[in-house]
Amino acid sequence: MLHDRVLVRQDDGEGERRSSAGIVIPATATIGRRLSWATAVGVGPSVRSIVVGDRVLFDPDDRSEVELHGKEYVLLRERDVHAVAATRVESDGTGLYL
């Protein structure tokens, strides 16, 4: 990876979902501007807040898709990441860098 780039593998959340009340929402239902979670699998040398294995929150409309060894990944810039969920933060924190 070069510069401030982050290579992520998107979580398998594209299928049908369940609401908190237990209602099944089909995959064909449209949702306006929803952010997506993904797991970082590679980071460039200039990335400061993300390490491999962190879960990142990003806008799926601002992404570049790439296929490596038959698997699909998303290439982002560090500035396109909205939040990072990591276990390395303090125990009294939320676990998110915002």
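## Nonpolar core

A nonpolar core is a set of buried Ala, Val, Leu, Ile, Met, Phe, Trp, Tyr and Cys residues joined through side-chain atoms within 4.5 Å. Buried means under 20% relative accessible area, exposed over 50%, and partly exposed in between (1.4 Å probe, protein chains only). The largest such core here has 13 residues. Val6, Val8, Ile50, Val56, Leu76, Val81 and Val84 touch the most other members. Two or more core residues come from each of E1, E4, E5, strand E7 (71–77) and strand E8 (81–85).

## Model and conventions

This is a predicted model: local features need pLDDT of at least 70, side-chain atom pairs count only at pLDDT 80 or more, and totals for chains, interfaces and linings use all residues. Residues are numbered from 1 along each chain as its sequence is written, and side-chain values use heavy atoms, with hydrogens and water left out.

## Overall make-up

The protein chain has 0 helices and 9 strands. Both element types are DSSP runs numbered from the N terminus (helices H or I, at least four residues; strands E, at least two). The order from the N terminus is β-β-β-β-β-β-β-β-β.

The chain has 98 residues, and 29% of them count as buried. Its accessible surface is about 7,000 Å² (Shrake-Rupley method, 1.4 Å probe; for residues, only the protein chains shown count as cover). Carbon and sulfur atoms hold 49% of that surface. Contact means heavy atoms within 4.5 Å. Of the contacts in the chain with a separation of 6 or more, 58% join residues 24 or more positions apart.

## Strand pairing

Two strands pair if DSSP finds at least two bridges between them. Strand E1 covers residues 5–10, and strand E4 covers residues 36–43. They pair in the antiparallel sense over 5 bridges. Valine 6 has valine 43 of E4 as its bridge partner. Leucine 7 stands opposite glycine 42 in E4.

E1 also runs antiparallel to E7, with 4 bridges joining them. Here arginine 5 has arginine 77 of E7 as its bridge partner. E4 in turn pairs with strand E5 (residues 55–58), again antiparallel, over 4 bridges.

## Valine 8 and threonine 39

Valine 8 sits in strand E1. Its relative accessibility is 0%, so valine 8 counts as buried. Beyond its neighbours within four places in sequence, valine 8 contacts Ala38, Thr39, Ala40, Val41, Val56, Tyr73, Val74 and Leu76. Valine 8 is also among the core residues that touch the most other members.

Threonine 39 belongs to strand E4. This residue is buried because its relative accessible area is 17%. Along the chain, valine 8 and threonine 39 are 31 residues apart, yet their C-alpha atoms are separated by 5.3 Å. Not counting residues up to four places away in sequence, threonine 39 touches Leu7, Val8, Arg9, Asp11, Gly53, Asp54 and Arg55.

## Salt bridge

The structure holds 1 salt bridge (a side-chain nitrogen of Lys or Arg within 4 Å of a carboxyl oxygen of Asp or Glu). The side chains of arginine 5 and aspartate 4 form this link at 2.9 Å, N to O. Side chains of opposite charge can pair when their charged atoms come close. Arginine 5 has 25% relative accessibility, so it counts as partly exposed. Aspartate 4 is partly exposed too, at a relative accessible area of 21%.

## Surface features

Val66, Leu68 and Leu75 make a nonpolar surface patch of about 190 Å². Patch residues have over 30% relative accessible area and no salt bridge; like charges are joined within 9 Å, and nonpolar side chains (Val, Leu, Ile, Met, Phe, Trp, Tyr) within 5 Å. Valine 66 is part of strand E6 (residues 64–68). With 31% relative accessibility, valine 66 counts as partly exposed.

Threonine 87 is in the loop between E8 and strand E9 (96–97). Its relative accessibility is 84%, so threonine 87 counts as exposed. Threonine 87 and glycine 53 lie 34 residues apart in sequence. In space, their C-alpha atoms are 9.8 Å apart.
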